[in-house]
Every structure is written in C-alpha cells, then in structure tokens.
Number of protein chains: 2
Amino acid sequence: MDKKIPAYKNIQEAHERIKGFIHDTPVLKSDSINSILKVKLFFKCENFQKAGVFKYRGATNAVQMLNEKSMKYGVATHSSGNHAAALSLAAKKRDIPAYIVMPQNASDIKIKAVKTYGGNITFCKSTLDAREKMLKKVKDDTGAYFIHPYNNFDVICGQGTAAIEFLEKVPDLDYIIVPVGGGGLLSGTAIASKAINPNIKVYAAEPKKADDAYRSFKKGVFIPVQRPKTIADGLLTSLSPLTFEIIRNNVDDILTVKEQTIIDAMRMIWERMKIIVEPSSAVALASVIENKYLFRSKKIGIILSGGNIDLNKLPF
Amino acid sequence: MDKKIPAYKNIQEAHERIKGFIHDTPVLKSDSINSILKVKLFFKCENFQKAGVFKYRGATNAVQMLNEKSMKYGVATHSSGNHAAALSLAAKKRDIPAYIVMPQNASDIKIKAVKTYGGNITFCKSTLDAREKMLKKVKDDTGAYFIHPYNNFDVICGQGTAAIEFLEKVPDLDYIIVPVGGGGLLSGTAIASKAINPNIKVYAAEPKKADDAYRSFKKGVFIPVQRPKTIADGLLTSLSPLTFEIIRNNVDDILTVKEQTIIDAMRMIWERMKIIVEPSSAVALASVIENKYLFRSKKIGIILSGGNIDLNKLPF
C-alpha cells in the first residue's frame, strides 16, 4: 500500500502522461438551473469521459506508469463498477490483459461494459472478504499487478487531472464540489485545486446513507461505512487510509444529502441540460439544492463524475 | 401564406439576426458508434438549443423579423409540441405575448414548457379543424400575428442556420441527414447545405408510420399523411406547400425507418453519447443503421433535432 501523498507536480505530470488517451471533457452551464438555484454553476462533464467515467483518468495513469516488468502479466482489481470498466479499457490501450474480480450480483450493464473493453472477469460472492480472497487467487494464478480503485498514488494523480482542465477553463471558481465514495476523485481534485487557486473552497458531497467520509472527516478518525444503501451506487465504498489523510488536510467541508434530493438533482440535470449522468454524479448538485443560502450567487464548479446507468432501471 | 422560396443569402441574414439569441450548439462524435456502424458520424446537438429544440431558431427569426406594427399584439400559433415552447420563449425575449392553441391531449411536459416560457395557452379539441377554428378565434380576440411552425419563409430561414454552423465546423461532409416532419428543418438545411457545399448529399429520414414526405417526394405530388402513429412525436405533421416545393427541388433522397430502429437508435445515442435526445432526433441515426452499406465509411452529418422528452414515458 502506497502511503506517499501526491503533490500538485505529480498531478501535472500525470496530465501530460495521459493527455493523449483521455478526452478533455467540456464544461457546460445551464441558465435555467442557475436561475432556479440562484447560483453560477459550471459542470465538468466526466460523464463524456472514455468508459463513461472520470475513473478512466486514474486507471490510465496507473497503467501507463507500470514498467515493462510490472505490466508483463497484466493488471488486476476487484470492483463491481466503474473502475473495473475503466481499468479494462486502460489495459487494452496498452495491450495487456486486465483481470477483474466482480461480485456475482454486479449489474448486467457493468458486466457488459467490462466485457466490451476486453476485461477477464472472475465472479465471487459479494462480501469484501470473498472479493479479496478471490483477487489474491487471481493474482497468484496470473501474476497480474493489483491496481486499487483509489488507495493508490498514481490513480489519485490521474483523477486530479480533471481539476486542472476545469480550472484552466474557469479559473475563478469560489467552490469546487465533487462526490465522495472512496475519495480518489476528491483527493486529486483537492490537491490540484488548492495548488492552482489557494482561495478556492473544496467541498465534498456524500449521500447521508453512505456517510463514512462525513463522519470520518468530522471526528478526525477513519470510520468505515456500515451497511451503506444509496441510489448513488458509485459511492458505496469507504475512504482508504491514503484518501482519508489527503481529505482531512485539503478539503474544506463535506455535505451530506438525502436520497430524494439526489434523484431530484439527477432529474434536473437530465431535463435541463439534456445530458445523462448516473446518480453518483448528481450528489454534488444535490448538495447545492440543499444548501441554497450557503451558495447563493457563488461561482461553483461541479465535476459530473460519470454517466453509466442502466436505462431499464431509472429512478423516475 | 408565404410561397416565396428562401435563398441561401436569406438564411445567412437570419443567422446574423439570431446569433445573439441562440446557442451555437456543439458538434459531437462517438468513436464507439462509428466503430459499430463503420461510418464517420458528426452530430449537431440541437437538443442543447434553447427550449431544447432547433425550432427556437426559426421562431426567433420570425419574431425578430416582425415590425413594430405586426408585433404590437403579440404572436399566435397552434402546436402540440416544440414550436409552441420555442415561440413562447422567442416572444418573451422580445417582450411580446405568445398565444398558443394546444389540443386538450397535449402532453403534460409540453404544456409545462409553454407555461414556463410564459405562453398563454388556449385548449381545444385535438382535430386539425378545431385547432384552426380556435386559432382564428384567438387571433380575432387578440390581434396576434400568426407564425406557422414551418409553412413560413422566416421560420425556414431560421431553421437553416443550424446547417451553416454545422458546415463551418465540418465542411467536407459527404451527407447531411435530418428528420422530416413538416419539413422546416429539412428545407432550411437543404438550401444552406447545397449552397455551402454543392457536392453534399442532403437526405431526410422519416418514420415509415408517418411517411407522407417520402410518398410525396417519390410521387412528385403533395400527399398529406393519414393517421400517422409513430414514437417520433415531432414528426406527425405533413409537409406544407412551401416545404414540399423546396424539398422536391433540393433534397437527394428520403429514407423511411421502422419504429424499433428509432428506439434502438435513441438508446444508442443515450448509452454511447450520454446525451438526451427525443425520439424524433433518433430517426436520422436510424436511417444509417438500416442502410449501413449505403453509408459505409462516409462522413455523415446528423442534426439531432431536440431533447424534449417525458422521462416518465421512456420506450425502454
């Protein structure tokens, strides 16, 4: 486990490294949402990123950082979601295999995405213990290099590159708000944003029903999540030692939001902006909806984290 | 009824006139759709246009063209759909009232949109006869100026401005394909595209279940649609004398598509591009799906006409 803390320079280097592989995703505005909420919002659209999610940045950086020896037998991870697809695609671009341990109950659409990008899936029971055991077996069998979805220096550096592009386009944001699950995006965003603009406030938004980051941040001790249950299925995971350390030192505040507000925010983005975001992406806007007075008239950057959703299972 | 045929110069003038009011919408590509269909597609995203539809261009041009006397009592139209919302917003921007005659069975979301933009709604029975009678009454009562959704010189000029922006960004298209309902977008697109690039082929795409444009085009006589029934609810209308005359002289071919292909194309755009388009917008891509060999390896421009859809009534 790599506990070294990334510096802004490392994120800049990551950006140079992955530029040719990723989309510099657009920043969109919505006059109608601004007028409803009385704020000035800017949305960095990582739902348009390759593999449909910001995680392609971190996965690409981690895969590109591997030396010939480490990459020889491919890469491995356990994930029920977006990291699995992102890592599969990142590995494919370097012509190495990706071994993905997925729980049996992973959604069809996530399984399909991993297969589309050429990932080799091994299924296991859905407990963390079963996933870790199966990952160990896969690593032993294949010799593949493990790339953790967020407790990884290179992954965090890759996730931070979205903030570099964002602040290049809109330098004078008052706030930048991102959803927090494992904390990879939040960690990279906080380090990069504070280095570029020391006056910016970095906020995280988290579902009340999976609020380990909020509780850990407020108590100053790492408290893993217990039985999270939220529609924001990308945010079910707990922080890791590395992301917790970065977040407690670089994030200004964490706001928690209700499930219904997440759905309302998602619907607002779909209807007003005509773009598809997954529920996890809507959590940051939900925090603005629930804290209108705090944010009144401010210039706020939101990273829309991803757009992978099963159209057969919409919450509306 | 204005039967004068717009020239390219009129569309250029319309573009200068409305530039400050409209969005220059982005042109998007999708590597994954290109690789599935083996074509090079470019999508002009009028689903991101104000009021969520290209019709805001034509409505704005028509409203801006009114002189002080004509605009004195506002504007009126009958429409169950996007033209009603677009005209309401265009009128609001010029601080004049819009009187909208809508059938009682118009969808809630369309009624809501008209109200949001400040349109004054009068409901009537859903027959064409009832709509025209009610429109006459509203005009008599208010003195408002009637702006037809497509059988109108200024509206057609406005719709043609999307093609100017499109071909500025991608000049060397082999084909440009747009959906055809009343034919306003198709007429404006055909005139502008052929003037800018005489080698371009202008195609229309139409649902088989509302194929009056196809039949009129092939027979060389205007045949109004009989009992159209398609998921592409923006394409239920028939051509008008003006649009038929333009289309027969400027369009290269019309392709008809099945309902299921429209749904498949719409789903492909939602899933692969992460953007929301209404079924009418997906008809052009459906024509590519049904004619892969015709279009193989070609550079094709598609105008995604709009993004107004009731999220509670999705076809998947």
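Predicted model: local features only at pLDDT ≥ 70, side-chain atom pairs only at ≥ 80, totals over all residues.
## A tour from the pair to one strand

Start with both chains on screen.

Residues are numbered from 1 along each chain as its sequence is written, while chains are lettered from A and ligands numbered from 1 in the order in which they are written.

**Stop 1: the axis and the interface**

The same surface serves both copies: 100% of the contact residues of chain B recur in chain A. Contact means that two C-beta atoms, placed from the backbone, lie within 7 Å.

How many residues of chain B are in contact with chain A? There are 13, and they touch 13 residues of chain A. On the chain B side, six are nonpolar, four polar and three charged. Here Ala, Val, Leu, Ile, Met, Phe, Trp, Tyr, Cys and Pro count as nonpolar, Asp, Glu, Lys and Arg as charged, and the others, Gly among them, as polar.

**Stop 2: chain A as a whole**

Now hide chain B. Chain A has 14 helices and 10 strands. These are DSSP runs, numbered from the N terminus: helices are H or I with at least four residues, strands E with at least two. The C-alpha trace of chain A spans about 55 × 40 × 40 Å along its principal axes. Buried residues make up 55% of its 316 residues. Buried means that 20 or more other C-beta atoms, placed from the backbone, lie within 10 Å of the residue's own.

**Stop 3**

Select residues 75-78 of chain A, which form strand 3. Are its faces covered or open? Both are covered: A:Val75 and A:Thr77 on one side, and A:Ala76 and A:His78 on the other, are all buried.

Strands pair if DSSP finds at least two bridges between them. Click A:Thr77: its bridge partner in strand 4 is A:Ile100.

Last, show strand 6 of chain A, residues 145-146. Two bridges tie strand 6 to strand 3, again parallel. Here A:Phe146 stands opposite A:Ala76.

Note on methods. Buried ≥ 20, exposed ≤ 12 C-beta atoms within 10 Å, placed from the backbone.
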